[in-house]
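Q: I have a model open and would like to learn how to read its features. Could you walk me through it, one feature at a time?

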Amino acid sequence: MLILTKHNLLSYLKDKYPQFDQRLPVEIHAIGEQEEDPAGLINFIFRVRSGNASIIVKQGQENIRSAQGFEYLLPPSRNHLEAISLRLRKAIVPQYVPELYLLDQENNVFIMEDVSYLRPCRQALVQGEQFPGLGSRCGEFMAATAFYTSEFYLPRTTFRALAQCFTNSGMRRVMEEWVFLHRSPFPPLPETMPLRAGLEDPELLAQTYQLRHRYMSSQEALIHSDLHTGNIFVKGQQMKVIDMEYTFAGPCAYDLGYFLNSILSLYCASLFRTMPGGGESYRRYLLEVLAELFIQYRRTFTELWSRDAKPDYRACMSYCDAFLDDLLPDAVGYGALAAITLSLSGPDVLDFQAIEDKEKQIQAIQLYYTMARTLLLLRSSIKSVSDFLNVVVTCSNHYVKRK
C-alpha cells in the first residue's frame, strides 16, 4: 500500500485521478496537522486545490493519525466501507451527501468533493452562529437513510446482505469501548478525574450495559454512528454530512442520540460564557434544534412508511407510531452516554475550550456530566420531546443556582 504524503500526492493524482487539473499552482493542506487544521484524529486527509477546483483525498492507514508514541490499530478497509456508504446515502438523500469521485481500494484511498465552501457547523455554533432548519435537515437525513436501509423497506435477503456487508467490527469497537466503557486510547485528564467516581453506580451501569447491548446486537438500519456537529457542514439551506467510516447496521436511536449530545455540550458551555444577551436566545435556538430534530425525523419516517414500506408494514401505521415512540428514550440514553464519556475529556472538547475562565470551564463540564447522568437515569420516564427538554432546562437551572 502506498502511504500518501504531501510530497507524493500530486504524482498519485496524476496516475489515479488525471481529471484533476495540475496546470495551475496547486495547494496541498494536510487536514489535522496542528498548524493547519486541528480537526481529525483517525485518518490521513488532504485538501488539494488548483484554481477553482478543490478535492479531498482521504486514506485509511492501520494506525490512527493522532497516535503519538503508541499504537491504536484500526482496519484500513474502513476506507472502502466509508466510500460505498457515501454512494449509498447519495442515492437516498443526494442533497446532504458529498460527491464521491474515486475509490482506490488497493491503497485504501477515496477522493471526494471538498465541502469547505460551506461552514463547519461545530465551529460556527461555538461562535454563536445560528442555522435555521438545522434540526429539521438532520432529522430528514437520519430518517430517510434509516428507513431506506431497514427491513421495513428492503427485501429480507437484501437487508441481511446489507447488514453483513456493513458489519464493520473494527470501527464499532471504538464506540463500544469509548462511548459505553469510557476506555479511551488517550490518558485521562487530571481535571476530570473526580467525575470518574460516579461511573460505578449500579443503576448507571445497568442503563449503560442495556444500551450497549442494543448497540452491539440491534440491526434495525444502517446508521452513521458518528453523527455530530463536527461532521456537518452548513450554509443557508445547504447541508452536507461527512465521515461515514463508522457506518454499520445498528439501532436507529443511536444517531439521534449522538447528534443530541453534540447540541447539549454547546448548551452547557453557553451558560458559562460571555454571549450577547446572556446567551438566552442562543440557548432557545439550541432547544429548537433538538425539538425540530425529533419532529422532522418522525414526520419523514412516517411519510416514507406510508408510501414505501412493504405492504404488511404499510397497512399497520400503529406499529410505525410505536416504533418511533420507542426511539426517544433510547436516543436520550445514547446521547447521555456520549456526554458522560466526552465530559471525561472535557477541556479537549471545542465547545468547552471557548470558555476562557478555567474555573467556569470546569463548571460547564460538571453540568454536562450531571445533566448526562440525570438523563440516563430518567430516560425511561421521558415520553415526549417536551419531557426531554424540560429535564435539560431544569437540570441547568438547578446547577447554575447552586453555583
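Q: Let's start inside. Which elements each supply at least two residues of the lining of the largest cavity?
A: First, the general idea: rolling a probe the size of a water molecule over the atoms shows where empty space is left. Keep in mind that this is a predicted model. Here, α4 (134-148), β7 (221-223) and α8 each give at least two residues to the lining of the largest cavity. The largest share, three residues, belongs to α4.

Q: What volume does the largest cavity have, and which residues line the largest cavity?
A: Its volume is about 40 Å³. Around it you'll find M142, T145, A146, L222, I223, C252, D255 and Y297. Sorted by class, that lining has six nonpolar residues, one polar and one charged. The count of cavities of 30 Å³ or more comes to one.

Q: What about pockets: which residues lie nearest the centre of the second largest pocket?
A: A pocket, unlike a cavity, is an open set of points. In this model the second largest pocket has a volume of about 250 Å³ and a lining of 14 residues, with F294, R298, L324, D325 and L328 nearest its centre. Both α9 (280-308) and α11 (317-343) supply at least two lining residues, and α11 gives the most, with six. By class, the lining has nine nonpolar, one polar and four charged residues.

Q: On to the sheet. In what order do the strands come?
A: The open sheet has five strands in the order β1-β2-β3-β5-β4, and the pairing is antiparallel. At the edges sit β1 (26-31) and β4 (100-104), each pairing on one side only. From one strand to the next, the twist averages 20°.

Q: How many bridges join β1 to β2, and what packs on the sheet?
A: Six bridges connect β1 with β2 (residues 44-50), and the two run antiparallel. To find one of them, look at I28, whose bridge partner in β2 is V48. Helix α2 (residues 78-92) packs on the sheet, where it touches β3 (53-59), β4 and β5 (109-113); the direction of α2 makes about 150° with that of β4.

Q: Last one: how many aromatic pairs does a search of the whole structure find?
A: A pair of aromatic rings is described by the distance of the centres and the angle of the planes. The search turns up 28 aromatic pairs. Take Y215 and Y254: their centres are 4.6 Å apart with 50° between the planes, a tilted pair. This pair links distant parts of the chain, 39 residues apart, with Y215 in helix α7 (residues 202-217) and Y254 in helix α8 (residues 252-270).

How values were computed
Residues numbered from 1 in each chain as written. Predicted model: local features only at pLDDT ≥ 70, side-chain atom pairs only at ≥ 80, totals over all residues. Heavy atoms only, no water. 1 Å grid on protein atoms, 1.4 Å probe; cavity = no way out; pocket = protein on both sides within 12 Å on 5 of 7 lines; lining within 4 Å. Points joined across faces, edges and corners; volume = space filled by probe spheres on them. Helix = DSSP H or I, 4+ residues; strand = E, 2+ residues; numbered from the N terminus. Nonpolar A, V, L, I, M, F, W, Y, C, P; charged D, E, K, R; others polar. Pairing = 2+ DSSP bridges. Axes fitted to C-alpha atoms, helices over the stretch in contact; angles between N-to-C directions. Contact = heavy atoms within 4.5 Å. Phe/Tyr/Trp six-rings, centres within 6.5 Å; stacked < 30°, edge-to-face > 60°.
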